[in-house]
2 protein chains.
Amino acid sequence: MKAIALLGAPKDQWPTDLTALLKQAGQNGEFLIGVDRGSILLRELDLKPDLAVGDFDSLKPQELSQIEQTVADIRYSVPEKDLTDTELMIRYAFEDYGAEFLTLFGSTGGRLDHFMNNLLMVLKPEFSAYTEKIAIVDQQNEIQFYRPGTYTVKKLPGYKYFGVINLTPVQNLNISGAKYHLTGYNSPIPVSFGSNEFLPASETFNLACDQGVLAVIQSKDLDRYQNI
Amino acid sequence: MKAIALLGAPKDQWPTDLTALLKQAGQNGEFLIGVDRGSILLRELDLKPDLAVGDFDSLKPQELSQIEQTVADIRYSVPEKDLTDTELMIRYAFEDYGAEFLTLFGSTGGRLDHFMNNLLMVLKPEFSAYTEKIAIVDQQNEIQFYRPGTYTVKKLPGYKYFGVINLTPVQNLNISGAKYHLTGYNSPIPVSFGSNEFLPASETFNLACDQGVLAVIQSKDLDRYQNI
């Protein structure tokens, strides 16, 4: 089962077709999750979350009431907890509902302390089983994560550029079959190799490392004026 | 001399008072830098960059012509180079112009491979002298960086929350005098401690580590509905 979670970051970073995409996902039987304010944002799109997670302290009473009347499984989180609402949600999605893959929307833009929590949570040992089963998506970016191994990374529809970041110390990082290559790269600190490109005739590039966790960000410009 | 650079990420993440802030900075004799499309964005605000850096390949001919007629120092970068335009700009600002502190606007939102380049460039050994002299600012966030040592971090006007991220392996990380404490924390991988808060009666918190580079993100909600 695929799962989709909507978090509460500002809508301005949503993919422009998010509403259609979520409706289609619902019709396909994918599992819809609202994280805190994301729950009411789903309701505003006339979608019913299968699961809602949060402390909901930012919701108006009538909004919380609407969630409580329509969502079958509501998990109330306790503020000042060790895990963020998003981390709790990941546990529920994979452990309680057996999700095979989880896509996060509404997790970029807005407060960057939230974004960095969302980006780096995949590094936590307790989430290591889910690192490669999570994607972060917004209107210009799709982020996926790779543990040590050899991969053929597919170009996602509509994307042109990509960046590879070793989020942790890395050994023997290799990028090939792309505009810029990297061979046998080692680093004790994170480095971002952005603005790489798929080759014109290719729909993939090759990625490998012996140690470390990699983020691959596929990205696109919204128009020529952002091509910088 | 303080320096301000405008990069070319989408305007929607700019601080709402950026135009007034830049005009005031210009009047105060601060050094204004446009990075690639940021140069023409400064011209559109009727501001004259003291320095423009980029390959300018996204500019229309008349836009480039306008830059060439008004900016005294233009540094043309070569695409496919080792350093990004922003990294080149940092060198010029500190080494050629003796900047004491550099604030980056227009470096968040948009393409996240660009943002991650901008966030992690301070870790590169060749920029280690500038790590603590660079700030990344947008409408909800201000990011600064700290090398090993003991610091009293001041609350910036208008901010409520903060996150601390060890961007590298860290030893003996301590956070005190804030809502959530951390004592003697060690980690071989980056961890984001977001959603911390200044104490109501305090305008500072205490930060220290023995090894590693820390990012401190001060952040705020735009309105109560983003308080999640």
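Predicted model: local features only at pLDDT ≥ 70, side-chain atom pairs only at ≥ 80, totals over all residues.

1. Several elements of chain B each supply at least two residues of the side that touches chain A: α5 (112–120), β7 (141–146), β9 (161–166), β12 (191–197) and β14 (214–219). The largest share of that side comes from α5(B), with eight residues.

2. On the chain B side 55 residues are in contact, and they meet 55 residues of chain A. About 4500 Å² of area is buried between chain B and chain A, and carbon and sulfur atoms give 58% of that area.

3. There is also charge pairing to look at. Two salt bridges are found across the interface of chain B and chain A. For one of them, find the side chains of Asp221(B) and Arg111(A), which form a salt bridge with an N to O distance of 3.4 Å.

4. Next, please look at Asp138(B), in the loop between β6 (134–137) and β7 of chain B. Is Asp138(B) buried or exposed? Its relative accessibility is 4%, so Asp138(B) counts as buried, the cut-off for that being under 20%. Leaving aside residues up to four places away in sequence, Asp138(B) touches Gln13(B), Pro15(B), Thr108(B) and Tyr159(B), along with Leu112(A) from the other chain.

5. What does the side chain of Asp138(B) make a polar contact with? One partner is the side chain of Thr108(B), at 2.8 Å. For a sense of scale, Asp138(B) and Asp113(B) are 25 residues apart along the chain, and their C-alpha atoms are separated by 17 Å.

6. Gly8(B) sits in the loop between β1 (2–6) and α1 (18–27) of chain B. With 8% relative accessibility, Gly8(B) counts as buried. Gly8(B) and Gly106(B) are 98 residues apart in sequence, while their C-alpha atoms are 5.5 Å apart in space.

7. Now for a sheet in chain B. Four strands form an open sheet in the order β8-β13-β10-β11 (chain B), with antiparallel pairing. Why is one side of β8 (149–154) and of β11 (182–187) in chain B left without a neighbour in the sheet? These two strands stand at the edges and each has a single partner strand, so one side of each has no neighbour there. On average, and ignoring direction, neighbouring strands of this sheet are turned by 20° against each other. Within the sheet, β10 (170–176) and β13 (204–209) of chain B pair in the antiparallel sense over three bridges, and Asn174(B) has Ala208(B) as its bridge partner in β13(B).

8. Finally, turn to strand β10 (residues 170–176) of chain A. Three bridges join β10(A) to the antiparallel strand β11 (residues 182–187) of chain A, where Val170(A) has Ser187(A) as its bridge partner. Five residues lie between the strands of this hairpin, in which Gly177(A) takes a positive phi near 70°. β10(A) also pairs with β13 (residues 204–209) of chain A, in the antiparallel sense and over three bridges; here Ser176(A) stands opposite Asn206(A).

Conventions. Residues numbered from 1 in each chain as written. Chains lettered and ligands numbered in written order. Heavy atoms only, no water. Pairing = 2+ DSSP bridges. Buried < 20%, exposed > 50% of the residue type's maximum accessible area, 1.4 Å probe, protein only. Axes fitted to C-alpha atoms, helices over the stretch in contact; angles between N-to-C directions. Contact = heavy atoms within 4.5 Å. Buried area = accessible area lost by both parts, 1.4 Å probe. Salt bridge = Lys/Arg side-chain N within 4 Å of Asp/Glu carboxyl O. Polar contact = N/O pair within 3.5 Å; in protein donor to acceptor, adjacent residues only side chain to side chain.
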